[in-house]
Amino acid sequence: MKKQFLVLLITLFTTLEVYSQTAYVKFPQVAKQIDLMIEHNQSVANEHIKLMNQPNKSDSPEMKGLMDEWKTIEEANKIQIKTIFKDYGFLGYNEVGNESSYNFLQMIQHFDDDSTFQQQVLVEMKKHIDKINAKPIEFANLTDRVNLNQKKFQVYGTQLKLNKK
């Protein structure tokens, strides 16, 4: 009897764990789309890092091709993310889950040439911070990134830039 109860309890907790991760996500297809975008981006970034660590490869045609591919992916992601933001607004935990919300923000944070869009996201994100639907540290990261892109001082000190000497 104890064994059956234990099996039932484990099954119940496992089911609740899986259910809790997916049940409250309003837009699972959007979450999947975001995760696929970041996965593709990161696979090219990892190839870039591997190539950079090889002797005499930093200026190679292979590296140039990889950088061109990465730039193309980044531009396509930017268009998709802007469309998603226009259609769904800010995507916090409730909308796409923790990981996808983080991935959404990571891509936006790297749109350094579009601080106006980043600022729009920040305005909407602030509302979600107040509802505990986004992490304050992510708000701080994006705030500082926007400020640096607009030639202003950081508020939270989350961004680091190295001088090349």
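The structure is a predicted model, in which local features need pLDDT of at least 70, side-chain atom pairs count only at pLDDT 80 or more, and totals for chains, interfaces and linings use all residues. Residues are numbered from 1 along each chain as its sequence is written, and side-chain values use heavy atoms, with hydrogens and water left out. The chain has seven helices and zero strands; helices (H or I, at least four residues) and strands (E, at least two) are DSSP runs, numbered from the N terminus.

**The chain as a whole**

- Of the 165 residues of the chain, 36% are buried, where buried means under 20% relative accessible area, exposed over 50%, and partly exposed in between (1.4 Å probe, protein chains only).
- Among contacts with a separation of 6 or more, 59% join residues 24 or more positions apart; a contact means heavy atoms within 4.5 Å.

**Helix 2**

- Helix 2 (residues 28-52) has 25 residues and should span 36 Å at 1.5 Å a residue, which agrees with the 36 Å between its end C-alpha atoms; the expected span is 1.5 Å times one less than the number of residues.
- Buried residues of helix 2 include Val 30, Ile 34, Met 37, Asn 41, His 48 and Leu 51.
- The cover over these buried residues includes helix 3 (61-88), helix 4 (93-96) and helix 5 (98-109).

**Helix 5 and Ser 101**

- Ser 101 is found in helix 5 and is buried, with a relative accessible area of 0%.
- A polar atom of the Ser 101 side chain lies 2.8 Å from the backbone oxygen of Leu 91.
- Beyond its neighbours within four places in sequence, Ser 101 is in contact with Phe 90, Leu 91, Gly 92, Tyr 93 and Val 96.

**Helix 6 and its partners**

- The axes of helix 5 and helix 6 (residues 115-130) come within 10 Å and cross at roughly 145°; axes are lines fitted to C-alpha atoms, for helices over the stretch in contact, and angles run from 0 to 180 degrees between N-to-C directions.
- Leu 105, Ile 108 and Gln 109 of helix 5 meet Phe 117, Gln 118, Val 121 and Met 125 of helix 6 in this contact.
- Gln 119, in helix 6, is partly exposed, with a relative accessible area of 32%.
- Leaving aside neighbours within four places in sequence, Gln 119 is in contact with Val 146 and Gln 150.

Conventions
A polar contact is a pair of N or O atoms within 3.5 Å; within protein, one must be able to donate a hydrogen and the other to accept it, and residues adjacent in sequence count only if both atoms are side-chain atoms.
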